[in-house]
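The sequence and structure are shown first.

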Amino acid sequence: MVFRCQRDSWARQFTTRVVSCRAAELRPEGGGEPVRGFQVVLEDTILFPEGGGQPDDRGLIGDVPVLRVTRRGPEAVHFVPAALEPGAEVLLSLDWERRFDHMQQHSGQHLISAVAEQMFGFKTTSWELGRQRSVIELDTPLVTAEQVEALEKSVNEKIRDRIPVTVRELAADDPEVETVRSRGLPDDHAGPVRVVDIKGIDSNLCCGTHVSNLSDLQVIKLLGVEKGKKNKTNLVFLVGNRVLKSIEQSHSTEKALTSLLKNGPGEHVEAVKRLQSSVKLLQKNNLNLLRDIAVLIARDFKSKPAPKQLFVLHRKEGDSEFMNIIANEIGTEETLLFLTVGDEKEAGLFLLAGPVEAVENLGPRVAELLGGKGAGKRGRFQGKAAKMSRRGEVQALLQEFISHQNPGA
């Protein structure tokens with residue numbers, strides 16, 4: 001069956017009747033618990049069911065929102081949260097912004113695919129209409145920057161030429177079907193076959209909704225290529241309003257950077273490079289200072305007349321190297337060390353160092369108390385801690401262990 005949405009992609013409202021309504025569940029696209037509702041079949045519809053790489057439409061049946069539209073053989077099935085009476089006359093209203101976006105991206109894909117094949121022999125093997133950007137999979141291991149530039153220039157010239165886009169229907173057994181570009185029909189296809197023609201450029205079997213003239217696309221921007229599967233290349237693109245939104249976002253980012261960096265857009269890259277160099281130098285200096293602090297902490301501990309058997313230290317700034325330097329300087333043959341770095345309210349790092357047998361016994365218990373994971377060997381057990389606030393409990397555990405080892409202490 002060819003639906004009203006396929007015969008007239010521009011129709012935004014349509015009156016029809018409910019054929020059937022039955023209870024069902026819908027599994028959300030992002031996962032989660034199924035949503036209870038109803039599957040509604042209408043005599044005809046202006047809401048496109050997903051297919052041909054194009055997502056489904058959204059809209060209203062009366063005042064009831066349509067949450068999903070899928071194709072089931074010759075029927076379009078509308079999932080709604082409230083029941084509708086079979087036989088009732090209803091008014092369909094289309095989410096036009098979503099639909100027109102899909103029309104622009106889909107017709108744009110037809111144009112890009114056709115011109116890429118004509119210019120370079122690159123055949124399209126699949127495509128995806130994404131929420132932010134769309135991707136065409138080309139049957140070639142390499143597309144050069146020069147080819148992308150030439151392709152973008154050519155498709156935009158054709159948009160400016162205002163070339164018509166028309167849709168016609170053929171019987172499934174019409175010999176002409178074999179001459180039209182296609183990646184095949186679904187196994188459960190029923191009814192006539194739709195052919196989308198871009199005059200003088202392309203004829204393609206397609207079930208989707210399309211613009212009526214290439215000028216409706218406004219503009220195409222090819223964002224570049226990415227490595228695809230099995231020696232294929234993914235061509236990333238935007239069409240029409242998506243290009244305008246991308247420019248708006250880029251301009252907002254540019255204005256924010258201009259304000260932060262105190263220079264013009266042409267100087268942003270060099271300014272960021274200078275900042276990166278400064279940050280790297282500061283990080284290097286900071287690491288050197290932390291190493292010096294670690295050595296001083298260890299020497300201060302060792303300089304005391306009667307060093308304790310347990311050394312505990314927490315520092316907000318630091319890393320694994322900082323803790324290991326302290327352990328190396330103090331020595332772990334006789335002293336048990338419990339060191340932590342990180343924010344009290346966030347995850348951090350810990351190191352338990354000391355006599356081998358003691359660390360093997362206590363390490364997993366320390367990690368458990370800190371809500372973290374760790375591993376160790378040769379008298380050191382270190383890892384990540386999710387509950388830094390429980391350091392006191394760990395200290396008590398270690399103190400108790402030492403007391404049992406030295407009852408007279």
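A residue counts as buried when its relative accessible area is under 20%, as exposed when that area is over 50%, and as partly exposed in between. The model discussed here is predicted. At 16% relative accessibility, tryptophan 96 therefore falls into the buried class, whereas tryptophan 10, with a relative accessible area of 32%, is partly exposed.

**Aromatic pairs**

- A pair of aromatic rings is described by how far apart the centres lie and by the angle of the planes.
- The count of aromatic pairs comes to seven.
- The ring centres of tryptophan 10 and tryptophan 96 are 5.7 Å apart and the planes stand at 40 degrees, so this pair is tilted.
- The pair joins distant parts of the chain, its two residues being 86 residues apart.
- Tryptophan 10 sits in the loop between helix H1 (4-7) and strand S1 (13-26), while tryptophan 96 belongs to helix H2 (residues 96-120).
- Trp10, Trp96 and Phe100 are linked into a cluster by ring pairs.

- Aspartate 57 lies in the loop between strand S2 (35-42) and strand S3 (59-61).
- Because its relative accessible area is 0%, aspartate 57 is buried.
- The side chain of aspartate 57 forms a polar contact with the side chain of arginine 99, at 2.6 Å.
- A polar atom of the aspartate 57 side chain also lies 2.7 Å from the backbone nitrogen of phenylalanine 48.
- Apart from neighbours within four places in sequence, the residues in contact with aspartate 57 include Ile46, Leu47, Val69, Leu94, Arg98 and His102.

Conventions:
Residues numbered from 1 in each chain as written. Predicted model: local features only at pLDDT ≥ 70, side-chain atom pairs only at ≥ 80, totals over all residues. Heavy atoms only, no water. Phe/Tyr/Trp six-rings, centres within 6.5 Å; stacked < 30°, edge-to-face > 60°. Helix = DSSP H or I, 4+ residues; strand = E, 2+ residues; numbered from the N terminus. Buried < 20%, exposed > 50% of the residue type's maximum accessible area, 1.4 Å probe, protein only. Polar contact = N/O pair within 3.5 Å; in protein donor to acceptor, adjacent residues only side chain to side chain. Contact = heavy atoms within 4.5 Å.
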